[in-house]
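This briefing goes through the structure shown below, topic by topic. It is meant to be read alongside the sequence and the coordinates.

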Amino acid sequence: MEKVDLIEDFVAATAHIPAPERFRRWAALGAVSAVLNRNVWTSIVEDLPLFPNLYILFVAKPAVGKSLPLLAARAVLETQPEVNLGPDQITHEAFVQSLGKAAASVDEQTGEIKSKASAALFLTEWGTFLREPKNDELAMLAALYDNTNYEAVTIKRGKDFAENPYIVIVAACTPNWFAEGFRPNDYEQGLPTRILMIFSDAVKERKPFSFGAAKQVGAFSKVAAQFQAPFDRLGRVEGYIGWAEDAGTWYNDMWLKGFPPEPKEPLLSGYCGRRHLHVAKLAVLFALARDPGAKIIGLSDVQRAWEVLREAEPD
């Protein structure tokens, strides 16, 4: 099968939009994560699958360019009927209800119930989704991230149940949200430790507008058309993604050292305890984006995963 690099191809295909390259790269990673749709997994602990779903949060001031990469990634995923793509803005309550419907939906090809609560949320307004985060909401999102069945009983909605969840979230917010959103003790446990917070203050260098022709509807239609076939191939990949020997050796060496250096921000200490899991998940994405047919993580994939993660972290 022809080898590709869907991540960097997406970055190049969106170079014309006024958004930081960092956000465009992570939007591509979120899209690849979403199209895999709980069909693939790896493992770093025997008999314990690790799925490559991600929670990604773009953090920047207004007008830096958070939303456009999300919309470009959404356009690509809209070509994939198997991806349960949520609306651009959705409340937490509506999201919970949609998971039960997704798990109970019927596969059009087999006629069987899917029994899989998968969802991809690409949200330009994170604050709409979590206006004032409550403990039960944070706990639910943390449990869903871990891909274990979730069940809870609420007064308003009755029973919430998500079977075989696979949730991908890529969202945008401003730094001000953190002042009223997560409390300091939230960063030590639960949801914030599972979120990849991608910061950027870099406003893309201004260039003359092209005034090129555009359709009235279908924003990013060219990007969507370019990536439809490659994402079709990714969506058909299934099964275990293994590790090349040198990739596993490198990963273990970094794990034993503690994946240095760690961010110095005290609030990220809980997140640092999960960095090895983030690296492994990203390595799966880079491996399949490079060669969907190989189904093996190479040394370059895990090293690239580490480099991209480090580049996004605060010093």
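**Helix packing and sheets in a predicted model**

The axes of helix 1 (residues 6-13) and helix 2 (residues 21-36) approach to within 9 Å and cross at roughly 135°, and the two helices are therefore oblique to each other. The model is a predicted one, and its secondary structure comes to 12 helices and 11 strands. Of the 315 residues of the chain, 53% count as buried, and among contacts with a separation of 6 or more, 77% are between residues 24 or more positions apart.

**Helix 2 and its two helical partners**

- The crossing of helix 1 and helix 2 is right-handed, and the contact brings together Ile7, Glu8, Phe10 and Val11 of helix 1 with Glu21, Arg24, Arg25, Ala27, Ala28, Leu29 and Val32 of helix 2.
- Sorted by class, this contact of helix 1 with helix 2 has seven nonpolar and four charged residues, with no polar ones.
- Helix 2 also meets helix 12 (residues 299-312), their axes coming within 12 Å and crossing at roughly 130°, which makes helix 2 oblique to helix 12.
- The crossing of helix 2 and helix 12 is left-handed, and here Arg22, Arg25, Trp26 and Leu29 in helix 2 meet Val308, Leu309, Glu311 and Ala312 in helix 12.
- The class make-up of the contact between helix 2 and helix 12 is five nonpolar, no polar and three charged residues.
- Arg25 and Leu29 of helix 2 are listed in the contact with helix 1 and again in the contact with helix 12.

- Four strands form an open sheet in the order 4-7-3-8, with parallel pairing; strand 4 and strand 8 (195-199) are the edge strands, each pairing on one side only.
- From one strand to the next, the twist of this sheet averages 10°.
- Strand 4 (residues 118-123) pairs with strand 7 (residues 166-173) in the parallel sense over six bridges, and within this pairing Ile169 of strand 7 is the bridge partner of Leu121.
- Strand 3 (residues 55-59) runs parallel to strand 8 and is joined to it by five bridges, with Ile56 standing opposite Leu196 in strand 8.
- Helix 3 (residues 67-77) lies across strand 3, strand 4 and strand 7, and it runs at about 145° to strand 4.

**Burial of strand 4**

- Why can strand 4 be described as largely enclosed by the rest of the structure? Six of its six residues are buried, so the description applies to strand 4, with buried meaning under 20% relative accessible area.
- In a regular strand, side chains alternate between the two faces of the sheet.

- Strand 1 (residues 40-45) and strand 2 pair in the antiparallel sense over two bridges, and Leu48 in strand 2 is the bridge partner of Val45.

- Helix 6 (residues 135-145) has eight buried residues out of 11, so it is largely enclosed by the rest of the structure.
- The buried residues of helix 6 are Glu137, Leu138, Met140, Leu141, Ala142, Ala143, Leu144 and Tyr145.

**Gly100 in helix 4**

- Gly100 lies in helix 4 (residues 92-104), and its relative accessibility of 28% makes it count as partly exposed, a class that sits between the buried limit of 20% and the exposed limit of 50%.
- Although Gly100 and Glu163 are 63 residues apart in sequence, their C-alpha atoms are 7.8 Å apart in space.

Note on methods: Residues are numbered from 1 along each chain as its sequence is written. This is a predicted model: local features need pLDDT of at least 70, side-chain atom pairs count only at pLDDT 80 or more; totals for chains, interfaces and linings use all residues. Side-chain values use heavy atoms; hydrogens and water are left out. Buried means under 20% relative accessible area, exposed over 50%, partly exposed in between (1.4 Å probe, protein chains only). Two strands pair if DSSP finds at least two bridges between them. Axes are lines fitted to C-alpha atoms, for helices over the stretch in contact, and angles run from 0 to 180 degrees between N-to-C directions. Angles under 35 degrees count as roughly parallel, over 145 as roughly antiparallel, 65 to 115 as roughly perpendicular and the rest as oblique. A crossing is left-handed if the near helix is turned anticlockwise from the far one by less than a right angle, and right-handed if clockwise. Contact means heavy atoms within 4.5 Å. Ala, Val, Leu, Ile, Met, Phe, Trp, Tyr, Cys and Pro count as nonpolar, Asp, Glu, Lys and Arg as charged, and the others, Gly among them, as polar.
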